[in-house]
Amino acid sequence: MSKQYFVILIPVISIVISCPTYKDETLLQATLLSNYNKGVRPVIDLSTTINIEAALFLHTFYGLDFVNNIVTARYDFSLEWTDELLTWNPLDYNNITVIYIEKDKLWTPEIVMCNAMKESEEKGSFLEVKVFNNGRVQMRSLKLLKSYCTFDAYAYPFDQHDCEIYICVALHDPVHTRIRTLTYDNLNYSPNYNWDIDYNGIKNASDQRFSVVFAPLHLRRRLTIAIVAMLIPTIMMTILTIFVFLLPPESGEKVSLATTIFLSNVLYLVEIEKTTPRNSKFPPLLMTYLMLLSLLSGIATLGSVIICKLYVIQSSDEKTSNLPDQTTNKSRSNKIADSSTITTRENDP
């Protein structure tokens, strides 16, 4: 019976003894950082290449600046590499396998967003890095990026766009520091109701003059009430332009209607032009249609002026041709009246 208790108590005692303490981690960090120089690549043999595993997760998609070709989004950016100077035996430090160290105390790779017009990292978040006993280091950060992309606005407002977020290693040659793979995905923390976003996969880096890799971001515009409200005036102006030819000139409003529609087309064209990208491979099909509609509306206005002028001339000619007939009829009636007066006088005794 006592032997059974002895067998049961041994693992319990070993578990209690193996729990790491504050002093254990303090001693471990002091030992690792005692001769550590964060300005030198953390490899024993300087010819060794540091391979970086990168991950760029889409946290929040804020929107697309369609005029200036800028995509604004927040990303959860993480890097992982091996630091050969940050290895230890867990048995020497009471089974500690993971510690957290301030990132300012360690060597970190110089990674930049190549096509970002503005890059900002949120202060106060992820100030530490996660270090494993085998030397693997994990670093995370939240980045707000404004990336420049080339948009194809030909099918606007039913358009789709492909934007590439480039990540590259600054200064270091690929033989020294390189990005091996990039994992990207959409975390979908804040759903976007204007765009369908396709963003997931794994890309291998390209090593030429420097190590670079990109994450493709595919955007497809959704049909919203704002797009419907934008298309309704276009449809109505097309119908009204056709109905200008059906309005009779004697109504007196043919030229006024045509002029109003023409000015409306021009104003709407100017407003649409303000919302289209300045750097697009092809002009939007909607703008081309509005230009043709404005041209047709202008021709309809000129035609209405000509038709009304011809109608006025024709009406004046008809009035002029009716004047001689009226004069003849008046002279005949006067002659009849005179003859009847003479006859009446002769019949008087």
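Q: Helices (H or I, at least four residues) and strands (E, at least two) are DSSP runs, numbered from the N terminus. How much of residues 223-247 is helix, and how much strand?
A: The span is 76% helix and 0% strand. Its end C-alpha atoms lie 35 Å apart. Before going on, note that this is a predicted model, where local features need pLDDT of at least 70, side-chain atom pairs count only at pLDDT 80 or more, and totals for chains, interfaces and linings use all residues. Residues are numbered from 1 along each chain as its sequence is written, and side-chain values use heavy atoms, with hydrogens and water left out.

Q: Which residues does the UniProt annotation "transmembrane region" cover?
A: The unreviewed UniProt entry gives residues 6-22, 223-247 and 286-312. UniProt positions follow the numbering used here, feature names are shortened, and annotations may be inferred rather than shown by experiment.

Q: What does the model show over residues 286-312?
A: The chain there is 100% helix and 0% strand. From end to end, the C-alpha atoms are 38 Å apart.

Q: How do I check the span of a helix such as α3?
A: The expected span is 1.5 Å times one less than the number of residues. Helix α3 covers residues 225-243, 19 residues in total. It should span 27 Å, and its end C-alpha atoms are 27 Å apart, which agrees.

Q: Which residues of α3 are buried?
A: Buried means under 20% relative accessible area, exposed over 50%, and partly exposed in between (1.4 Å probe, protein chains only). In α3, the buried residues are Ile227, Met230, Thr234, Met237, Thr238 and Thr241. Seen down the axis of α3, they fall within an arc of 100 degrees, so they line one face of the helix. The arc is that of the directions from the helix axis to the C-beta atoms.

Q: What lies on the face of α3 turned away from its buried side?
A: Two isoleucines are exposed there, Ile225 and Ile235.

Q: How far does α4 reach from its first C-alpha to its last?
A: Helix α4 (residues 254-274) reaches 31 Å. That is close to the 30 Å expected for its 21 residues at 1.5 Å a residue.

Q: Which residues of α4 are buried, and which are exposed on the other side?
A: Lys254, Ala258, Ile261, Asn265, Tyr268, Leu269 and Ile272 are buried. These residues fall within an arc of 105 degrees, seen down the axis of α4, so they line one face. On the other side, Leu263, Leu267 and Lys274 are exposed.

Q: What span should α2 have?
A: Helix α2 (residues 22-33) has 12 residues and should span 16 Å. Its end C-alpha atoms are 17 Å apart, which agrees.

Q: Where do the buried residues of α2 sit around its axis?
A: The buried residues in α2 are Asp24, Leu28, Gln29 and Leu32. Their arc, seen down the axis of α2, is within 125 degrees, so they line one face of the helix. Tyr22 and Lys23 are exposed on the other side.

Q: Is Leu286 buried or exposed?
A: Leu286 counts as buried, at 9% relative accessibility. It is part of helix α5 (residues 285-347).

Q: How many residues in sequence separate Leu286 from Thr234, and what is the gap in space?
A: They are 52 residues apart in sequence. In space, C-alpha to C-alpha, they are 9.1 Å apart.

Q: How accessible are Asn95 and Asn188?
A: Asn95, at 38% relative accessibility, counts as partly exposed. Asn188, at 45%, counts as partly exposed.

Q: Where is Arg209, and is it buried or exposed?
A: Arg209 is in the loop between β12 (206-207) and β13 (211-221). At 71% relative accessibility, it counts as exposed. The C-alpha atoms of Arg209 and Pro174 are separated by 7.5 Å, while the two residues are 35 residues apart along the chain.
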